[in-house]
There are 2 protein chains.
Amino acid sequence: MSRQPEKSSEAELLQGTLDMLILKVTALQPIHGYAIAQRIQQISRDALQIRQGSLYPALYRLENRGWLKADWRTTEGGREAKFYSLTPQGRRQLAVETAGWRRLCDAISLVLETAE
Amino acid sequence: MSRQPEKSSEAELLQGTLDMLILKVTALQPIHGYAIAQRIQQISRDALQIRQGSLYPALYRLENRGWLKADWRTTEGGREAKFYSLTPQGRRQLAVETAGWRRLCDAISLVLETAE
DNA sequence: GCGAGATGCCTAGGATGTCAAGGTATGCTG
DNA sequence: CAGCATACCTTGACATCCTAGGCATCTCGC
């Protein structure tokens, strides 16, 4: 996985969804920032790409709000990395955001599928 | 339909979806701004609420980019109103945005449904 | 042994889009 | 005539994202 030269420039993110995605990935297991972006990209089959310039401010934001907490550990590769895990409030928040997302998805589908 | 006092404050919009929604609604038939917001709200069963402060800048934006064109007509109520209709480019754009939206929806679903 | 690339963190600055809150004017209805 | 719905618009604040940098370590190929 190469650095940021961005081949395709596709893959814009929808504002507001990033937090939810991060919460979801950290809910699977404690994981460090750099790997979060990789994981999301991998799970979404490259449809979603998180830029570092979006990722780290988001992590800071989420930790600050108490959704995530961080501690330094060493990766399998033997490096220091900041591992994030979901707090109970974070878990609640994830549920809230997921519900909101689905509502929104449904609502937009309604509009998009209006034939008349 | 009362003015903007905003009872519930729910119904946040996802940044980037507004343009698509407007394009879709104007694709159904020429329609004026004020009615666009009503229509979207109605179709989505009140799940989506477009604020005027979002609506008019968006309309300006879309017209400026050539997706929409506007002309003044009179409503059934006998008022002057600016009717917007979709241009051919607008129709193409709608298709583009719809496709992008679905890709994104699917991608996010993939992440949200990861159980592991 | 050395350079390139991957891993890992971070920040500053600008662009964009949405929202809250205001404003104007007209028509209908009680 | 007061109040509300209709219909338009603008301003300023704010959040979020992206571009584009920077830093340090480790590994691999040459």
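Reader: Which residues is Thr26(A) in contact with, leaving aside its neighbours within four places in sequence?
Author: In this predicted model, Thr26(A) is in contact (heavy atoms within 4.5 Å) with Ile31(A), Ile36(A), Leu68(A), Tyr84(A) and Leu86(A).

Reader: Nice. Is Thr26(A) buried or exposed?
Author: Thr26(A) counts as buried, at 3% relative accessibility. Buried stands for under 20% relative accessible area, exposed for over 50% and partly exposed for anything in between, with a 1.4 Å probe and protein chains only.

Reader: And where is Thr26(A) placed?
Author: Thr26(A) is in helix α1 of chain A. Helices (H or I, at least four residues) and strands (E, at least two) are DSSP runs, numbered from the N terminus.

Reader: Which residues in α1(A) and α2(A) meet?
Author: On the α1(A) side there are Leu21(A), Ile22(A), Val25(A), Thr26(A) and Leu28(A). They meet Ile36(A), Arg39(A), Ile40(A) and Ile43(A) in α2(A).

Reader: Let me zoom out. What does the secondary structure of chain A come to?
Author: Chain A has four helices and three strands. Their order from the N terminus on is α-β-α-α-β-β-α.

Reader: How many residues are in chain A, and what share of them count as buried?
Author: Chain A has 116 residues, and 47% of them count as buried. The C-alpha atoms of chain A fill a box of roughly 60 × 40 × 20 Å along the principal axes. Among the contacts in chain A with a separation of 6 or more, 51% come from residues 24 or more positions apart.

Reader: How many aromatic pairs does the structure hold over all chains?
Author: Over all chains, the structure holds one aromatic pair. The centres of the rings of Trp101(A) and Trp101(B) are 5.9 Å apart and the planes are at 45°, so the pair is tilted. Rings of Phe, Tyr and Trp (its six-membered ring) pair with centres within 6.5 Å; planes under 30 degrees apart are stacked, over 60 edge-to-face and the rest tilted.

Reader: Where do Trp101(A) and Trp101(B) sit?
Author: The pair crosses between chains: Trp101(A) is in helix α4 (residues 88-112) of chain A, and Trp101(B) is in helix α4 (residues 88-112) of chain B. Both Trp101(A) and Trp101(B) are buried.

Reader: What rotation superposes chain A on chain B?
Author: A rotation of 180° does it, with 0.0 Å of shift along its axis and an RMSD of 0.1 Å. That is the relation of a two-fold axis. Gln15(A) has the C-alpha nearest the axis in chain A, at 2.6 Å.

Reader: What about Arg45(B)?
Author: Arg45(B) has a positive phi of about 55° and is not a glycine either. Arg45(B) lies in the loop between α2 (33-43) and α3 (52-64) of chain B and is exposed, with a relative accessible area of 65%.

Reader: Last one: what are the conventions here?
Author: Residues are numbered from 1 along each chain as its sequence is written, and chains are lettered from A and ligands numbered from 1 in the order written. Local features need pLDDT of at least 70 and side-chain atom pairs 80 or more, totals for chains, interfaces and linings use all residues, and side-chain values use heavy atoms, leaving out hydrogens and water.

Terms used: Least-squares fit on C-alpha atoms with pLDDT ≥ 70 in both.
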